[in-house]
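This report is meant to be read beside the model.

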Amino acid sequence: EGRGRARERGAPEMPFTPPSPAQQLAAIGITRKGGLLSLEAYPKSVRNSDKEKEVLQRILTPDEESFQSIPTPDEDDWLGYRKVKDQTFAKYVKSKPKRAGTGTKIYLLPISETEDLTNFPPKGALRKIVSAFFGLEVEMLEAVSITCLGGIGSRREEDDRSTWTQYNAQDILSALGRRKPRDAHTLCAFTMHDIYKKGFNFLFGLARLRSGVGIFSFHRQDPASPSCEFWNGGTERQPVDDALLLRRAAATLCHEISHTFGLKHCTFFRCLMQGSNSLGESESRGLALCPVCLRKLTWNLGISPADRYFKLLRAFEARPSAFGTAAAWIRRRISLARLEEKAFPPSRVGGSGEKERKRANIKDGPSKPKNKNRNLGRPRARVDA
């Protein structure tokens, strides 16, 4: 599943009840007294180190300013009309998600009908953000065309300003599966084309949890696109638009790739891994993982959450116009958690061996869009997955 789908017409109302603080702590795997649960999933080097457990506990303990609770959703919001199953850290470990092995990479693939990628966000910046976010080597492949992928279904879409071609995201994922390099954990493509799948009138992105492939589109994130919820009113980008597009692209890309590590949509905090029905809803989430999703991802990768914060901070600080707010958020978390760089060695926290997998028999512990109607009032059913 991916972010930013539109609402299913006629879907039954399923009221979402925001979780209580006790439920949030239980989802993270922290007792009410602050102790860590689910330590049996970690290697012995972590379980036997009071220092490493203390640092991990400080990082995962939420503060209200950094990790806001999910408000009661509006009827058009992601959680306003659908029931999403909770995925706690304990449930995540039990699901036996695909884990990144030594030497595995993330590959990024631009899809474009020309070699000119000047309308795309800068590839180098995307690669560095993704590498810091996941702690893995990221390789940018040469661009390919939709025609080169072969067998991609399409249809025409229109609004009151223009018509354009949309491409079937599921067909693209199938094509990516045939192209996925042997040393890839994830192959994620990105494009300026609009994408959809059957029953949906558009998608921001789509990924397959087990097969490790994903696709996402910049089409509705570009401020100079009339299809964008926050369209700038013209056909050219304004001075601030390139930074906006880079931030939106990085958020969607990291969200989609996280799905390939087995993370499902978050229902515990405002978090990058929440689903969204619109660009406005996506923008309200920010770029941070909540403690539940942070614990899942860093356990899977076997990396230190502290080490990840420092690497991600450096990547964000290199692009302050796009990621200044995200960098400030990380600096605040580093201060509140009293972190020091290299708090403990990387590649030890999550473990990666079969012993930890067998041992982990874990139980669960105790702003509105300006053009919101642009994406919600169409005759064709707007569906979400």
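## Cysteines

Cys188 is buried, with a relative accessible area of 0%, where buried means under 20% relative accessible area, exposed over 50% and partly exposed in between, computed with a 1.4 Å probe on protein chains only. The closest cysteine sulfur to that of Cys188 belongs to Cys254 and lies 9.4 Å away, which is too far for a bond. Cys271 is likewise in no disulfide, the nearest cysteine sulfur being that of Cys293, 3.8 Å away, and Cys271 is buried, with a relative accessible area of 0%.

A disulfide is a covalent bond between the sulfur atoms of two cysteines. Here a disulfide is counted as a pair of cysteine sulfur atoms within 2.5 Å, and by this rule the count comes to zero.

## Basis of the values

This is a predicted model, in which local features need pLDDT of at least 70 and side-chain atom pairs count only at pLDDT 80 or more, while totals for chains, interfaces and linings use all residues. Residues are numbered from 1 along each chain as its sequence is written, and side-chain values use heavy atoms, with hydrogens and water left out.

## The sheet

An open sheet of mixed pairing is formed by five strands in the order E2-E1-E5-E8-E7; helices (H or I, at least four residues) and strands (E, at least two) are DSSP runs numbered from the N terminus, and two strands pair if DSSP finds at least two bridges between them. Strand E2 (137-140) and strand E7 (205-208) stand at the edges with a single partner strand each, so one side of each is left without a neighbour in the sheet. From one strand to the next, the twist averages 15 degrees.

Strand E5 (residues 184-191) and strand E8 (residues 213-217) run parallel and are joined by five bridges, and Thr191 stands opposite Ser217 in E8. Helix H7 (residues 169-179) packs on the sheet, touching E1, E5, E7 and E8, and its direction makes about 135 degrees with that of E8. Contact means heavy atoms within 4.5 Å, and axes are lines fitted to C-alpha atoms, for helices over the stretch in contact, with angles running from 0 to 180 degrees between N-to-C directions.

## Two loop residues with positive phi

Lys96, in the loop between helix H4 (89-94) and strand E1 (105-111), has a positive phi of about 55 degrees although it is not a glycine. Lys96 is exposed, with a relative accessible area of 65%.

Arg338, which is not a glycine, has a positive phi of about 55 degrees and is found in the loop between helix H12 (320-336) and helix H13 (354-359). Arg338 is exposed, with a relative accessible area of 53%.
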